[in-house]
Amino acid sequence: GEKLPLMEEFYTIQGEGFHTGTPAYFIRIGGCDVGCHWCDVKESWNADLHPPTNAQKIVENASQYNTVVITGGEPLTWNMTLLTQKLKERHIKTHIETSGCYPLTGKWDWICLSPKKNKLPLQDSYDNANELKVIVYNKHDFIFAEEQATKVNKNAILFLQPEWSKKEEMTPLIIDYVMQNPKWRISLQTHKYLNIP
Ligand code: SF4
């Protein structure tokens, strides 16, 4: 965790999930072997393409912001203990977007668990998630979402989010589903509608 493959970092508006519409500094860490065929950041998969960067340097870059979102790739490929410890020392709120398939390291103010069928989350992630965000690519994903909802802790907020390339087809189904199953909420990738990163 002393050096992490930093792919990009940018200040923007959180586009999806519970914190939609709020500003945050995004830190994208390279490396992911989950292999979602619809992944919109395939450039992140190979960690070797992204420069090993000192955790201390990453924290300094983020130091003027109130909230960071650590995303990837799959950030839990790496040990997040040191990075989050240093962020917390500066009183920066730490959020993570993870598939949960690797051990949960780090100190987090908010954990967004987005489980993937081909590499399921570990129990620790289900137990500690603040929100469960299931991407809906096809109709079977509603069944998958319900299975995942039985595994996550009871306080987690449940979101269904259309996969971007299928949004015309899936969004109407999600709207109907949420009206019939009101424990779920809709999450949209609003940053893509707004044309921001
Ligand atoms: Fe892409 Fe995330 Fe799936 Fe990894 S877990 S392949 S980064 S969508």
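**Ligand pocket and fold: a working chat**

Modeller: The ligand sits in the largest pocket. "Sits in" means that more than half of its atoms lie within 2 Å of the pocket's grid points. A pocket is an open set of points on a 1 Å grid over the protein atoms alone, where a 1.4 Å probe fits, with protein on both sides within 12 Å along at least five of seven lines.

Colleague: What should I know about the model itself?

Modeller: This is a predicted model; local features need pLDDT of at least 70, side-chain atom pairs count only at pLDDT 80 or more, and totals for chains, interfaces and linings use all residues. Residues are numbered from 1 along each chain as its sequence is written, and side-chain values use heavy atoms, with hydrogens and water left out.

Colleague: Which residues are around the ligand?

Modeller: Cys32, Val34, Gly35, Cys36, Trp38, Cys39, Trp45 and Gly73. The cut-off is a heavy atom within 4 Å.

Colleague: How does that shell divide into nonpolar, polar and charged?

Modeller: 6 nonpolar, 2 polar and no charged. Ala, Val, Leu, Ile, Met, Phe, Trp, Tyr, Cys and Pro count as nonpolar, Asp, Glu, Lys and Arg as charged, and the others, Gly among them, as polar.

Colleague: How many disulfides?

Modeller: The count comes to 0. A disulfide needs two cysteine sulfur atoms within 2.5 Å.

Colleague: Switching to the fold. How many helices and strands?

Modeller: 6 helices and 9 strands. These are DSSP runs numbered from the N terminus: helices are H or I, at least four residues, and strands are E, at least two.

Colleague: What about the radius of gyration?

Modeller: The chain has 16 Å, which agrees with the value near 16 Å for a compact globule of 197 residues. It is taken over C-alpha atoms; the rule is 2.2 Å times the number of residues to the power 0.38. The C-alpha trace spans about 45 × 35 × 30 Å along its principal axes.

Colleague: Is Leu160 buried or exposed?

Modeller: Buried, with a relative accessible area of 0%. Leu160 is in strand 8, residues 157-162.

Technical notes:
1 Å grid on protein atoms, 1.4 Å probe; cavity = no way out; pocket = protein on both sides within 12 Å on 5 of 7 lines; lining within 4 Å. Buried < 20%, exposed > 50% of the residue type's maximum accessible area, 1.4 Å probe, protein only.
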